[in-house]
Amino acid sequence: MRKTILTILSGMLASAALAAPAGDDRALAIHQRVLTLDSHVDIIAPNNPARLYLPDGTLRSDLPKLIKGGLDAIVYCVTAFPGHDDPAGVAEARKEADYKLGWIKTLVKDNPDKIGLAFSADDVARLHRQGKISVLIAFQNARSIGSDITQIDALYKQGVRIFSFNHAGHNAFSDSSRPWQEPLHRNNGLSPLGKDAVKRLNDLGVLIDVSQLSTESLFQTVALSRAPVVATHSAARALFDHIRNLSDAELDAIRSKGGVVQVVPFGQYLKPEDAEAARKLDAIAEKYGLKATPDAPYAGDKFYTLPKEQQNKIMQEAAQIPVSQPTLRDYVDHIDYIARRIGWDHVGIGSDFNQGGGVTGFDSEADAPNVTRELVRRGYTEKQIAGIWGGNFLRVLRAAEAARAQ
């Protein structure tokens, strides 16, 4: 449970940008020249708790921060969060997804001089030339479409170009890396419906996102897909053994299909917490009955099933415990590791902001230039930085488009 409490707690901590070092002109010039793309950002629904906001009441990803951080493109994700996939749960998830899809379209409509909706990699390039921020639409968690595969076509018509089967929790299409009140396996990877969906997504030219899939689901998706896949917001398990991170075998599989791994600056995926904080947070978890069982080994996800009042009590207690924050250098260590393992042209950046964060030096879109500074400091060339910041993602998006059925 402690990882869940720490994950939520990280949303309450202030963004801390690094001071620009002397002689920083080269890094800033590179940052301004390359096309910068964030491959996964969540949308906050009106009833989301205050803990997801920064101390000043703003989000980690909003239009002013995109502009300040020099972001050229962003993938906003229509996500349905954990829940049951019975008829009532599907209806609830559909309502959430519909709200978020509408939010994206309203944002674009209300800011025509600053933002444009992109339906392809070429659209991103065109909007960049026009000096506008591109918005691509992603979809996450097929719980909101139940078992109706025809909804994939409907989502495509609405502009969805990146698709992920799962969030926390299994569904009718595939198994998640984080079961939600469930055994470890439900479909043993992809269900027959999920396998059909891989083909349909390929036929439409939609890029498949494997970040939240179970290991079996990921391997099966890579094997079945005609096109490269992307992990839009993951980190390296070799550096921190977290269930949401990718093993070397998973990294190699994504590379084998020409895919890309977008590294996430989510504090709780980057390095283990200190032992004393972990002990105290474990005690809070046990106090509220958030304990793993053989049938539900990821007890942290049970937090979201508790009444809001009880969630708030847990957070109030957890907030009194000092927790060390990972740094920008810890974050770029994961980029480095993946670049060495599978190649710099197979790694990128996907923030998971608005639900994630907690990295000193890269805790909002406004801090994006710090990442370029650190990449320059480590000796990455401008060509490599251009790939990491957006070129690699756009390459696999184009490859997915090219695999479209004629």
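**Reading helix pairs**

Q: How do I read the packing of helix α2 against helix α14?

A: Start with the axes: those of α2 (residues 25–33) and α14 (residues 368–377) come within 9 Å and cross at roughly 120°. Axes here are lines fitted to C-alpha atoms over the stretch in contact, with angles from 0 to 180 degrees between N-to-C directions. Helices are DSSP runs of H or I, at least four residues, and strands are runs of E, at least two, numbered from the N terminus. Keep in mind that this is a predicted model, where local features need pLDDT of at least 70 and side-chain atom pairs count only at pLDDT 80 or more, while totals for chains, interfaces and linings use all residues. Residues are numbered from 1 along each chain as its sequence is written, and side-chain values use heavy atoms, leaving out hydrogens and water.

Q: Which residues of α2 and α14 make the contact?

A: Contact means heavy atoms within 4.5 Å. On α2 they are R26, A27, L28, I30 and H31; on α14, A368, P369, T372, R373 and V376.

Q: What about α8 and α9: at what angle do they cross?

A: Roughly 15°, with the axes of α8 (residues 215–224) and α9 (residues 248–256) within 10 Å. That makes α8 roughly parallel to α9 (angles under 35 degrees count as such).

Q: Which residues of α9 are buried?

A: Buried means under 20% relative accessible area with a 1.4 Å probe, protein chains only. Here that's E250, L251, A253 and I254. They pack against α8, β7 (230–234), β8 (260–263) and α13 (328–342).

Methods
Angles under 35 degrees count as roughly parallel, over 145 as roughly antiparallel, 65 to 115 as roughly perpendicular and the rest as oblique. Buried means under 20% relative accessible area, exposed over 50%, partly exposed in between (1.4 Å probe, protein chains only).
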